[in-house]
Amino acid sequence: MTSLSDFNVRTKGQTDWINITGEVQKAVAASGVREGICVVFVPHTTAAVTVNENADPDVPRDVNLALDLISPDRREFHHSEGNSAAHTKTSLVGPSLTLIVTGGRLLLGTWQGIWFNEYDGPRTRKVHVRVI
Ligand code: ZN
């Protein structure tokens, strides 16, 4: 059994982290897959997806501060859109996740959530979920 679904995410601000754990879990439940793999894929070049803490809102804030320090805007960038820092953060975080499905649910740690990461918003973005 396989299932492909997608949903939109509306981001606020240039940088935004949105917890999409519930939407991905819904896609897993709708797939009917009890034991398998869930792939989450973000088809964008200035947005990414990651698993990180879902309890303390200071964690996303601090990770974004760290990414700003790693990839600040620089005058030396050539890309004419002016968003090379966002492209760099996207490559550092990555476009996809591979997650374990067991008992019809995502296998995540107690403090883990799935986060959509916006680095060049606000925009309406898309997330693809495939469960096999
Ligand atoms: Zn660009």
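Biologist: Where in the chain is the place of Phe77?
Modeller: This is a predicted model, in which local features need pLDDT of at least 70 and side-chain atom pairs count only at pLDDT 80 or more, while totals for chains, interfaces and linings use all residues. Residues are numbered from 1 along each chain as its sequence is written, and side-chain values use heavy atoms, with hydrogens and water left out. Taking helices (H or I, at least four residues) and strands (E, at least two) as DSSP runs numbered from the N terminus, one finds Phe77 in the loop between H2 and H3.

Biologist: Which residues is Phe77 in contact with, leaving aside its neighbours within four places in sequence?
Modeller: Phe77 has a relative accessible area of 33%, and it therefore counts as partly exposed, the class between buried (under 20%) and exposed (over 50%), with a 1.4 Å probe and protein chains only. Contact means heavy atoms within 4.5 Å, and once those sequence neighbours are set aside, the residues that Phe77 touches are Pro72, Ser84 and Ala85.

Biologist: Against which elements do the buried residues of H3 pack?
Modeller: Helix H3 covers residues 84–93, and its buried residues are Ser84, Ala85, Ala86, Lys89 and Thr90. Two of these, Ser84 and Ala85, are also contacts of Phe77. The buried residues of H3 pack against helix H2 (58–70) and strand E4 (47–53).

Biologist: Why is the arrangement of donor atoms around the zinc ion irregular?
Modeller: The zinc ion is coordinated by His79 (NE2), Glu81 (OE), Asn83 (OD1) and His87 (NE2), at 1.9 to 2.2 Å; donors are N, O and S atoms within 2.8 Å of the metal (3.2 Å for Na, K and Ca), and as water is not among the atoms, sites may look incomplete. Four donors count as tetrahedral if all angles lie between 85 and 135 degrees; four count as square planar and six as octahedral if opposite donors are over 155 degrees apart and all others between 65 and 115, and anything else is irregular. The arrangement here is irregular because the four donor atoms subtend angles of 89 to 149°.

Biologist: What is the relative accessible area of His87?
Modeller: Among the zinc donors, which are spaced H-x1-E-x1-N-x3-H in sequence, Asn83 is buried, with a relative accessible area of 7%. His87, by contrast, is partly exposed, and its relative accessible area is 23%.

Biologist: In what order do the five strands of the open sheet stand?
Modeller: Two strands pair if DSSP finds at least two bridges between them. Strand E3 (residues 36–41) and E5 pair in the antiparallel sense over six bridges, with Phe41 opposite Ser96 and Gly36 opposite Val101. E5 also pairs in the antiparallel sense with strand E6 (residues 105–106), over two bridges, and Val101 stands opposite Leu106 there. The pairing in the open sheet is antiparallel, and the order of its strands is E1-E8-E3-E5-E6.

Biologist: Which residues make up the covered face of E5?
Modeller: Strand E5 runs over residues 96–102, and its uncovered face holds Ser96, Thr98, Ile100 and Thr102. The covered face of E5 is made up of Leu97, Leu99 and Val101.

Biologist: Which residue in the turn between E5 and E6 has a positive phi?
Modeller: E5 and E6 form a hairpin with two residues between them. The phi in question is about 60°, and the turn residue that has it is Gly103.
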